[in-house]
Every structure is written in structure tokens, then in C-alpha cells.
Amino acid sequence: MLYSVRMRAAKGGAHEAGGSHISGAERLIEESRLVEMAQEMIRRALLHSKGRADFIRLTIDQVEEKRIQRVPLLPIKTFSVESANVGRILAKKLLMEAGVSNVAAATGICALSNLRKNMRGAMAVCAETGQRLDVTGERGIRVSRMDVEDEKAYAAWLEHQGVGGIHAREAVVLAAKAIAGNAVVAELCWSDDPEYVTGYVASQGAYQRITKLKEHGSGLGGRVFFVRQDTDMEELIAYLEEQPVLVAEKRLMNA
Ligand code: AMP
């Protein structure tokens with residue numbers, strides 16, 4: 001039996017009371033690892049580069065095996081760029097190659113660039129018009145209840161592609177879940193961690209890392225899901241937030 005473990009941490013009070021988002025984490029793990037994972041998440045909230053959280057919410061619930069869906073990992077590509085400006089121009093090109101319209105790609109990039117406060121989730125915008133489709137406001141849609149099927153195989157797979165670090169480890173899983181839902185044409189992300197400037201554009205074809213999408217030292221980041229125009233948003237949000245998903249390399253899934 002697996003357990004969903006979710007953590008969200010803020011400073012200046014709880015998120016819903018206006019506190020600023022510090023850190024969050026989502027895992028799907030065996031019971032034997034719950035205590036270790038809870039400790040790790042609490043440590044992460046207290047020792048984050050964005051400051052020490054004064055609000056930490058840890059939620060643990062059991063997940064029925066029969067509800068779990070298996071989805072494939074996306075192949076990883078890395079693009080090296082010398083500045084955030086060049087990175088964002090490339091991000092727009094990759095979004096358009098994925099099927100996002102010019103206006104929607106520009107609107108999504110602008111929405112992230114103009115954030116004044118971090119959300120703890122993602123915005124969903126129409127891949128055609130660029131109009132925001134979710135009504136989750138500053139909270140955003142929080143992708144949850146996902147993990148890798150085989151942690152060792154995943155670590156080896158990432159290493160083989162020269163990808164390391166906790167940010168990429170988590171983001172590759174999140175993007176795989178989001179894209180597998182079929183309503184998300186593409187995802188754009190850069191981190192809110194001031195130390196981490198690499199971001200990505202994920203789409204059906206690949207998880208495309210861009211080595212610089214923001215300036216070093218900036219504590220503002222976020223995610224945008226570009227979704228098909230005819231998307232049933234309630235259904236999409238239920239999938240992203242509630243559906244338990246395990247991610248695995250396609251080759252291993254077919255074995
Ligand atoms: P991170 O990559 O953890 O630095 O997160 C960057 C931004 O992505 C955060 O400020 C949130 O807006 C958003 N985010 C983080 N985790 C999630 C998640 N599980 N689901 C949706 N959006 C998220």
C-alpha cells in the first residue's frame with residue numbers, strides 16, 4: 001500500500017492567511033518510508049534558501065493500489081543559453097513548436113515574468129487565446145500524488161542524461177504527470193529558488209531544459225500549463241491534484 005505525502009510551507013503565516021510560499025513537496029511512498037520522508041520534508045521547509053518557514057502543513061493519506069495510473073517519463077533535452085533573455089525567447093519558440101499559439105506563449109511568459117508573489121501552484125492558460133482558464137487565483141493548481149515507480153532506475157536514467165539535483169528530479173515527474181493528462185499541450189516553468197535558474201518547457205515530445213530562464217538571486221518563479229481550448233477544467237484539476245500517478249521509463253513500462 002502506498003501513501004501520498006504532501007508538504008507545503010510558508011513564512012508570515014499560512015498560505016491562505018497571506019504567508020509567502022517557501023517550499024512544497026509531493027511523494028507517493030511505501031509505509032516503511034513515511035517517518036524518514038516526513039523528517040526530510042520538515043527539514044526542507046526549515047532550511048530553505050528562501051527563508052525559514054513558520055507554517056508547515058504535512059498531509060499523509062493512504063492510496064488504493066487500484067487507483068494508481070502509470071504514465072511514461074518524457075525524454076530529456078538540454079539547451080544551454082547565456083542569458084535569461086535568450087532563454088525566454090527560446091522558451092517561446094519551443095512552446096510554439098509544441099502547438100501553443102504565439103499570443104498564448106507570449107501571455108504565459110509575461111504572466112510568469114510579472115509575478116509579484118509566488119503561487120504555490122500553477123496557472124492554466126488556454127493554448128490558443130492565452131486567457132487564464134482556472135479560477136484558483138493566487139493559489140494555483142497544485143499537482144499532487146505522484147512519484148516514480150522505481151527510484152533507483154530513475155536516478156540512473158537521470159544520471160545517464162547528465163541531469164542531477166532535487167529540482168530536476170521532482171520537476172521531471174511533475175511534467176510527466178501533467179503532460180500525460182492529454183489536456184496540457186505544454187508546460188513552462190522556472191523555479192522560485194534564488195539559486196536555481198534552469199527552467200523548462202515540457203510537451204508531448206520532450207522535457208526541454210533551458211539552462212537560464214531567470215536571473216540568479218531572484219526568488220520568483222512559477223508554472224504555466226497551456227491547455228487545449230475545449231478542456232473541461234474541473235476534470236483536469238481533479239486529474240492533476242487527485243489522481244495518483246507513478247511515472248516510469250517507457251522502456252520499463254512495456255517490459
Ligand atoms: P519549484 O520548481 O519547486 O521552485 O516551484 C516553482 C513554482 O512552481 C512554485 O512557486 C509554484 O508556483 C509552482 N509549483 C511548485 N510545485 C508545484 C506543484 N506540485 N504543482 C503545481 N505548481 C507547482
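Is R145 buried or exposed? R145 is buried, at a relative accessible area of 10% (buried means under 20%, exposed over 50%, partly exposed in between, with a 1.4 Å probe and protein chains only). Here are some notes to go with the model.

1. Ground rules. This is a predicted model, in which local features need pLDDT of at least 70 and side-chain atom pairs count only at pLDDT 80 or more, while totals for chains, interfaces and linings use all residues. Residues are numbered from 1 along each chain as its sequence is written, and side-chain values use heavy atoms, with hydrogens and water left out.

2. The partner of R145. The side chains of R145 and D61 form a salt bridge, 3.4 Å from N to O (a side-chain nitrogen of Lys or Arg within 4 Å of a carboxyl oxygen of Asp or Glu). D61 sits in strand β3 (residues 55-63) and R145 in the loop between β6 and β7 (146-148), so the pair links parts of the chain 84 residues apart. D61 counts as partly exposed, at 25% relative accessibility. Helices (H or I, at least four residues) and strands (E, at least two) are DSSP runs, numbered from the N terminus.

3. R8 and E16 make one of them, with the closest N and O atoms 3.0 Å apart; R8 is buried at 14%, whereas E16 is exposed at 54%. D147 and R169 make another, at 3.4 Å, and both residues are buried. This pair joins strand β7 to helix α5 across 22 residues of chain. Through shared partners, salt bridges connect R27, R33, E36, D147, E151 and R169 into one network.

4. The three-stranded sheet. An open, antiparallel sheet has the order β2-β1-β3 (two strands pair if DSSP finds at least two bridges between them). β2 (20-30) and β3 are its edge strands, each pairing on one side only. Neighbouring strands are turned by 10° against each other on average, direction ignored. β1 (residues 2-11) and β2 pair over 10 bridges, and M7 has A25 of β2 as its bridge partner. Helix α1 (residues 34-46) packs on this sheet, touching β1, β2 and β3, and its direction makes about 165° with that of β2. Contact means heavy atoms within 4.5 Å; axes are lines fitted to C-alpha atoms, for helices over the stretch in contact, and angles run from 0 to 180 degrees between N-to-C directions.

5. β8 (residues 184-190) and β9 (residues 199-203) pair in the antiparallel sense over 5 bridges, with E187 opposite A202 in β9.

6. Where two helices cross. The axes of α4 (residues 151-160) and α5 (residues 166-180) come within 11 Å and cross at roughly 110°, which means that α4 is roughly perpendicular to α5 (65 to 115 degrees; under 35 is roughly parallel, over 145 roughly antiparallel, the rest oblique). E151, Y154, W157 and L158 of α4 meet A168, R169, V172 and V173 of α5. E151 and R169 also belong to the salt-bridge network of point 3.
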